[in-house]
Amino acid sequence: MTAINVYQQRPEGGKAESPLFHAGLADAAGKGKATAGIQLRERKLLGHLTIRGDGHDAAFAGAVHKATGLELPGALTLVSSGESSLQWMGPDEWLLVVPGGTEFEAEKKLREALDGQHIQVVNVSGGQTILELTGSKVRELLMKSTSYDVHPKNFPVGKAVGTVFAKSQLVIRHTAEDTWELLIRRSFSDYFWLWLQDASQEYGLAVKA
Amino acid sequence: MSQINRLSNGGRINRNQPLTFTFNGTTYQGFAGDTLAAALLANGVDIIGRSFKYSRPRGIVAAGAEEPNAVLQIGSREATQIPNVRATQQALYSGLVATSTNGWPSVNNDIMGILGKVGGDMMAPGFYYKTFMYPQSMWMTYEKYIRKAAGLGRAPKENDPDRYDHMNQHCDVLVVGGGAAGLAAALAAGRAGARVILADEQEEFGGQLLDSRESLDGRPAADWVAKAVAELKAMPEVLLLPRATVNGYHDHNFLTIHERRFDHLGEVAPMGEARQRMHRVRAKRVVLATGAHERPLVYGNNDVPGNMLAGAVSTYIRRYGVAPGKQLVLSTTNDFAYRVALDWLEAGLKVVAIADARGNPRGAWVEEARAKGIRLLTGSAVIETRGSKRVSAARIAAIDPVGHKVTSPGEWLECDTVATSGGYSPVVHLASHLGGKPTWREDLLAFVPGEGFQQRVCAGAVNGVFQLGDVLADGFEAGVKAAGEVGFAPVSGEVPSVAARSEDASIALFQVPHEKSTARGPKQFVDLQNDVTSAGIELATREGFESVEHVKRYTALGFGTDQGKLGNINGLAIAARSLGISITQMGTTMFRPNYTPVTFGSVAGRNCGALFDPVRYTALHAWHLAQGAEFEDVGQWKRPWYFPKNGEDLHAAVARECKAVRDSVGLLDASTLGKIDIQGPDAREFLNRVYTNAWTKLDVGKARYGLMCKEDGMVFDDGVTACLADNHFLMTTTTGGAARVMQWLEIYHQTEWPDLKVYFTSVTDHWATMTLSGPNSRKLLAEVTDIDLDRDGFPFMTWKEGLVGGVPARVFRISFTGELSYEINVQADYAMGVLEKIVAAGKAYNLTPYGTETMHVLRAEKGFIIVGQDTDGSVTPDDLNMGWCVGRTKPFSWIGWRGMNREDCVRENRKQLVGLKPVDPNVVLPEGAQLVFDTKQQIPMAMVGHVTSSYYSASLGYSFALAMVKGGLKRMGEKVFAPLADGRFVEAEICSSVFFDPKGEQQNV
Amino acid sequence: MLQIFCPHCGELRAEEEFHAAGQAHIPRPLDPNACTDQEWGDYLFFRDNPRGLHHELWIHAAGCRQYFNATRDTISYEIFETYKIGEKPSVTAKPKAAAPGEQA
């Protein structure tokens, strides 16, 4: 009898639809004005793993580092390396994002490294997606949408916060000077997409493939 | 003749850009830079509306937010109507259409005016309450006419073509008011490096500096304004917001600013732009530089058009190049108001006389007026005016030094304009929004901001600092202080120099005396917008209303959109005098947001239409749309309600769907059910504590239904939880209860049982869930899966892992319909592909998609409850006849156990869940219907229960219901009656709540 | 709208990120079955409603999803401190002239 049920949930090949599949972003890509103040791209079908554990326990941090190559980040921060990133979500919760299809391997590595510790690793890849926003007007767009202060003094690159956005909630990640990411839940993705289109109208919106 | 009152030069208007507009159907012309009020005055429009209660003609009185009369309806078509716009705050644009809101049917000839002139006694304060409240049943009838006659503007009946939005701002220092003090404060804070927002309600920054007679650094004050604004604009961390009214000062330094971004350019904003924007500002410090409103004098017939605030007249002359008349009389208690006489004279017009309530004023401007030969009557005041549609004369008479008696008959002087000034009232509204009480300063004859729960600094006139040089210094110091308090090093002061100007003290004159008693003399208006007179206030105090809040409510003083800007101080001074108490003892009423009216559009922002509330979709939504589903809102989710075919209605579609499930196989999207992944060595123990039943012995591979109660023993959620591995469970919750249950688990884990080693993570969105239900579900599923579906190898209430449609899946053999069922869970990204394969294979089995309505019927036939429909927070598991789901011997006192053993929860005769079979098999009982045992009893009848779920069952061939009935489980076979609204009774028999397949053979095949 | 310092995130956040969860420091009786109906009723239903200092339970619902406690003045809405579950409040009497929105 195994303690935890772990298995490969992603099929090899087959039809995959990201949360914003129906928005037809692929068709819209490249058709917006090059001067648009907001450029949007869905970073779709990535591997998302929720990791729970005791952040104060050096063994936990060490094992996560060993398994992911990433230092366990402290409150409100995000570390990344290549295509992978690790984000603090709460005092006992982190989100590991890895290239799509590698999440099963990543989970096995984590479980191996964390063997014997009280932890949780959950594959949530199907439940969320990341919208990447770039452009000169992203800050204004965010100001229209969230009461959190997105001024660089308060929200430097490398910071990530869960907050209220429009009438729902999401996570904002500041990944590069002009690049921000919104981590959104699948079922809310149409609502956010509609909101972002509406709120960015005065700045212009272009979709990137 | 056009623009008869326009001066030949001067003003900050662009005479090369004429703009055409209409007011009450007449077309006029003004200039770019005008406010609507300035343009109306330029065109000699005297009557702007009719008063609220007495229907007296009224004209423009002020030049800013304090305007009480010129509150207009704007908009050329239905969809663009905006009520409650002050003409003094609306910039003129080409094509502007404005109408009076008071005046039925016409402002110039108003039948209500007759009532108004007949007058006071008939429409005394409290009139509405006294006359119209009784009999109460008539109020609705009266109200229709009163509202129409009062006509306080109306909302559009068509959709607003504009968009509105919100912007969240954060700053170190928010400066409210862009006059001398505000500009100086913003400069000081901005130079210190702080993040600054400067907001001003007017079209341009500068406030009174834009019409000042005084020079800064030897140059016109407006030049310094331009320089200061340019400097602020160049600072990257300074945000300038003109046309932006700070309307509310809320808790923890949260302020709302209502910015009118395009209202000055037309009635509709350019494509894609928000016409108005609500800034939601969190400011570390606030500098309130809100200035002061001039206090009008209260004398007989002071409401006739042509009676204006002195400062407003100056503003119209100097800022807009408009003199609102030809012959001026000024009545004042102070030096500052003398500027209007000097401005008027310089405009080439006649100043008939100045009445100064003081005995021997000798200030600089007083002497200048004397030197210019203006007739000056000291120790005097305008006692009353006459004129019907416009002032034609004013009577100036001598008054005693305390202003209580008229001491000479005086003389009537012909004039068309009476400018008055009774002093200056600091605009303490925002400073008082959190309940801070303003403080009366006898030396200033004014209330200044008192202590408040606000992190703010007050500067300039609002702080009781009035001389221009002092105002600038006070503002600069406030900016330094505010920025300093949040960590910015002070900058040295650089304030422009102002030539000193000698000024004598003003005196108090809150009500000008008259030979006759207040009640018998001509009407003296205190609050023009609400038609409150000094006689009315005295009446209120005589009738026993002594608290300022009571006087306000009895008379309507300071009500509505006015918020007491002009009338409050005079009004409460009159009440205080009438009661023989001091103004400090009297105090002020509570000031509340908003300072001026705010459009609903800017309150709503973009949270309207499709964005009114978040809508959640499942991964299969596009397929449901393609099948022509009708949707039902379940929480924020859109769930297929039913799938009509060939024009079917709900009942026909549901009957077909039910039959398909019972006869062959149906497909339900169950993705919305809450799903929580639970891991940890103490997961089982945790489940034991939060569910009513026992989990210790649930083997890996098995699933179990569970009930959750609150501590009071009442059911609050239910669902199936499966044991995935020894330390690993997957819990499902109701669709609507998902977030609630997640927080429920967390609060107990975090606050009560942190020692239990268990973690919870929501996976609701990760898994898409498709339910196949019906006798053919096994055969169908077998065609698309590699899982062995053998009846004994994969029995009821177990789960298996394998490929479905080529996608890794967890399949749960559980049932909510009473039929053989499989719930297929796959990662949501791959659900559509799986669905398509199932649907393709399902053609051979008449696979029928079904919605929530069919699901409800099928589960009700089985007597399965829906939490929230059959329960209401007052129902225990035993009440539901679900005692089998209660772990009475579990060692830990789990949540709900103690509660459901309270005396009241174990008493006899509680309402219990039973089935009802209407005697007429075609009658469907209304859900929510009350039940009685005896139809012959007197009304009100003893109600013994209610219907919770009710349907017609095509499979059973009769209607049926679930109901809560007192002692129902012991009343099997007895009759109950549901009284309907039309007087009929529906008779039904109490029966078991399980109507279909009571032995459960169908789901176990 | 209040501004609340989340002791886990270490920042002031807008009230809309939080939900209030009632009075703090009301532990579940260790042996509910030993409680009389009266005692159990007091635990379940009766809460203080002070004018002034109040210890409250909040959750940072949109942020780190952690429950924590706050000491708040119910008149001025001033929040004197927030502290983690399991910790004791340090403010039990109203301090003089602290500022709204500021952490003590």
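**Helix packing, a sheet and an interface**

In chain B, residues B:Ala310, B:Val313, B:Ser314, B:Ile317 and B:Arg318 of α7(B) meet B:Arg339, B:Val340, B:Asp343 and B:Trp344 of α8(B). Contact here is C-beta atoms, placed from the backbone, within 7 Å; helices (H or I, at least four residues) and strands (E, at least two) are DSSP runs, numbered from the N terminus. The residues of this contact are 5 nonpolar, 1 polar and 3 charged, where Ala, Val, Leu, Ile, Met, Phe, Trp, Tyr, Cys and Pro count as nonpolar, Asp, Glu, Lys and Arg as charged, and the others, Gly among them, as polar.

This is a predicted model: local features need pLDDT of at least 70, side-chain atom pairs count only at pLDDT 80 or more, and totals for chains, interfaces and linings use all residues. Residues are numbered from 1 along each chain as its sequence is written, with chains lettered from A and ligands numbered from 1 in the order in which they are written.

Now to chain A. Five strands form an open antiparallel sheet, ordered β3-β4-β5-β2-β6; strands pair if DSSP finds at least two bridges between them. At the edges are β3 (78-81) and β6 (120-123), each pairing on one side only. Strands β2 (residues 47-52) and β5 (residues 93-98) are joined by 6 bridges, and A:Arg52 has A:Glu93 in β5(A) as its bridge partner.

Last, the interface. Chain B puts 47 residues in contact with 48 of chain A. β8(B) gives the largest share of chain B's side, 5 residues. That side has 20 nonpolar, 15 polar and 12 charged residues.

Technical notes: Two residues are in contact if their C-beta atoms, placed from the backbone, lie within 7 Å.
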